[in-house]
Each structure stands twice: as C-alpha cells, then as structure tokens.
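Colleague: I would like to go through this model and ask what stands behind each label. Please show it first.

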Amino acid sequence: METPVDQRPDRLTARALPDGGWVRCARSADVGRTVLVWRMTCQTRTVLLWRTRRGDAVATDARCPHRQYVMEDARLVGDTVECPLHEHRFGPDGRCVNVRKASAARVLEVREVDGYLWLAMSRDAPLVVPGSRDATGR
Ligand code: FES
C-alpha cells in the first residue's frame with residue numbers, strides 16, 4: 001500500500017501509517033538545497049528534508065534538541081541545518097557543529113527508491129524499503 005502524500009512543494013503531509021516502518025515522503029526531485037518541511041499528521045511528527053552539497057538526502061527531526069523549537073523555518077548553512085532560534089547548526093549525522101557539548105538532533109534513516117524518498121519511522125524498520133530489490137534501497 002502506498003502512503004498518500006500531499007505533494008505541495010514546500011509543505012508535505014502524510015496521513016497514513018507507515019508501510020512496514022517505511023513511509024514514502026517526497027519526490028527526490030523536490031528535495032534539494034533548501035529545507036523542505038514534511039509532516040506526518042498521524043504521528044504529529046515533523047521532519048526537515050534537505051541535501052548535502054554532495055547530493056545526499058538527509059532527514060532531520062524538526063524538533064531542535066536545544067529548546068525543542070520546531071525548526072520549520074530552518075535554513076541550510078553549508079552542510080548543516082541551522083535552527084533560527086539560537087543558531088545551533090546540525091550536520092547530516094545530527095551532531096551540532098558550532099556549540100560545544102550541545103545535544104545532537106535526531107536524524108532519520110532515508111533511502112531513495114524509484115525517484116522517491118522513504119523514511120524509516122522506527123528503529124525496527126526492516127532493511128528493505130517496500131518496492132526495492134535489496135537492502136540498499138535500490
Ligand atoms: S532552540 Fe534551537 S538552537 Fe535553541
């Protein structure tokens with residue numbers, strides 16, 4: 001079963017439960033060098049989708065680990081996403097790169113399959129994305 005996705009370009013929403021722990025969240029072509037906000041209303045979860053300069057897709061939990069601000073207005077600075085409230089910057093691995101001993105942001109595992117980004121919504125998600133041929137998501 002495919003997850004219905006609202007494909008408005010800057011605000012994406014999924015209303016169904018994930019399929020086997022993975023949820024299809026956006027078209028690959030819509031995720032680039034600006035922060036795309038994706039909401040999963042059934043889990044009240046918001047995720048920031050973006051790409052590194054190398055083109056790797058990243059999914060960062062929108063809740064900033066500093067003061068729990070929801071970073072829907074975050075911006076990219078190099079290969080980091082910057083929280084607008086106190087300007088903590090989080091890299092693709094979630095670590096804060098500009099404040100010592102700051103907590104890391106949560107990152108979700110993301111795979112690209114057939115032109116779509118899929119997110120692992122739990123740590124128990126199977127290795128294989130629905131519809132893909134192997135554990136790499138291809
Ligand atoms: S709430 Fe994000 S840096 Fe303070």
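Colleague: What is the bridge partner of methionine 40 in S5?

Modeller: The partner is arginine 45. This is a predicted model.

Colleague: How do you know that S4 and S5 pair?

Modeller: Two strands pair if DSSP finds at least two bridges between them. Strand S4 (residues 36-40) and strand S5 (residues 45-51) have five bridges, so they pair. The sense is antiparallel.

Colleague: What makes S5 and S6 a pair?

Modeller: The cut-off is at least two bridges. Five bridges join S5 to strand S6 (residues 57-61), so the pairing holds. These strands run antiparallel. Leucine 48 has threonine 60 in S6 as its bridge partner. Tryptophan 50 stands opposite valine 58 in S6.

Colleague: What lies between S5 and S6 in the hairpin?

Modeller: Five residues lie between them. Glycine 55 sits in the turn, with a positive phi of about 100 degrees.

Colleague: How do you know that S6 and S10 pair?

Modeller: They share two bridges. The definition asks for at least two, so S6 and S10 count as paired. Their sense is antiparallel. Threonine 60 stands opposite valine 107 in S10. Threonine 60 is also the bridge partner of leucine 48.

Colleague: Is valine 107 buried, exposed or partly exposed?

Modeller: Valine 107 has 18 other C-beta atoms within 10 Å. Buried needs 20 or more, and exposed needs 12 or fewer. The value falls in between, so valine 107 is partly exposed.

Colleague: Which residues does valine 107 touch, leaving out those up to four places away in sequence?

Modeller: Val58, Ala59, Thr60, Asp93 and Gly94. Contact here is C-beta atoms within 7 Å. A further distance is to glycine 91, 16 residues apart from valine 107 along the chain. Their C-alpha atoms are separated by 9.5 Å.

Colleague: Why is glutamate 87 called exposed?

Modeller: Glutamate 87 has 11 other C-beta atoms within 10 Å. The limit is 12 or fewer, so glutamate 87 is exposed. Its place is in the loop between S8 and S9. Glutamate 87 has a positive phi of about 65 degrees although it is not a glycine.

Colleague: Why does lysine 101 count as exposed?

Modeller: Lysine 101 has 5 C-beta neighbours inside 10 Å. Exposed means 12 or fewer, so lysine 101 qualifies. Lysine 101 lies in the loop between S9 and strand S10 (107-108). It is not a glycine, yet lysine 101 has a positive phi of about 65 degrees.

Colleague: What is the order of the open sheet that contains S7, S8 and S9?

Modeller: The order is S7-S8-S9, with antiparallel pairing.

Colleague: Why do strand S7 (75-77) and strand S9 (89-90) stand at the edges?

Modeller: Each has a single partner strand, so one side of each is left without a neighbour in the sheet. S7 is joined to strand S8 (residues 80-82) by three bridges. Arginine 75 stands opposite glutamate 82 in S8.

Colleague: What is the order of the open sheet with S3, S11 and S12?

Modeller: The order is S3-S12-S11, and the pairing is antiparallel. Strand S3 (22-27) and strand S11 (110-113) are the edge strands, since each pairs on one side only. Neighbouring strands of this sheet are turned by 35 degrees against each other on average, direction ignored.

Colleague: How do you know that S11 and S12 pair?

Modeller: Four bridges join S11 to strand S12 (residues 116-120). At least two are required, so the two strands pair. Arginine 111 stands opposite tryptophan 118 in S12.

Colleague: Which residues have the most contacts inside the largest nonpolar core?

Modeller: Leu48, Leu49, Leu117 and Leu119. This core has 32 residues. Membership requires burial, so each of its residues has 20 or more other C-beta atoms within 10 Å.

Colleague: Which elements give two or more residues to this core?

Modeller: S3, S4, S5, S6 and S12 do. The largest share, five residues, comes from S12.

Colleague: What does leucine 117 touch, not counting residues up to four places away in sequence?

Modeller: Its contacts are Cys25, Ala26, Ser28, Val31, Leu49, Ala57, Val110 and Glu112.

Note on methods
Residues are numbered from 1 along each chain as its sequence is written. This is a predicted model: local features need pLDDT of at least 70, side-chain atom pairs count only at pLDDT 80 or more; totals for chains, interfaces and linings use all residues. Axes are lines fitted to C-alpha atoms, for helices over the stretch in contact, and angles run from 0 to 180 degrees between N-to-C directions. Two residues are in contact if their C-beta atoms, placed from the backbone, lie within 7 Å. A nonpolar core is a set of buried Ala, Val, Leu, Ile, Met, Phe, Trp, Tyr and Cys residues joined through C-beta atoms within 7 Å.
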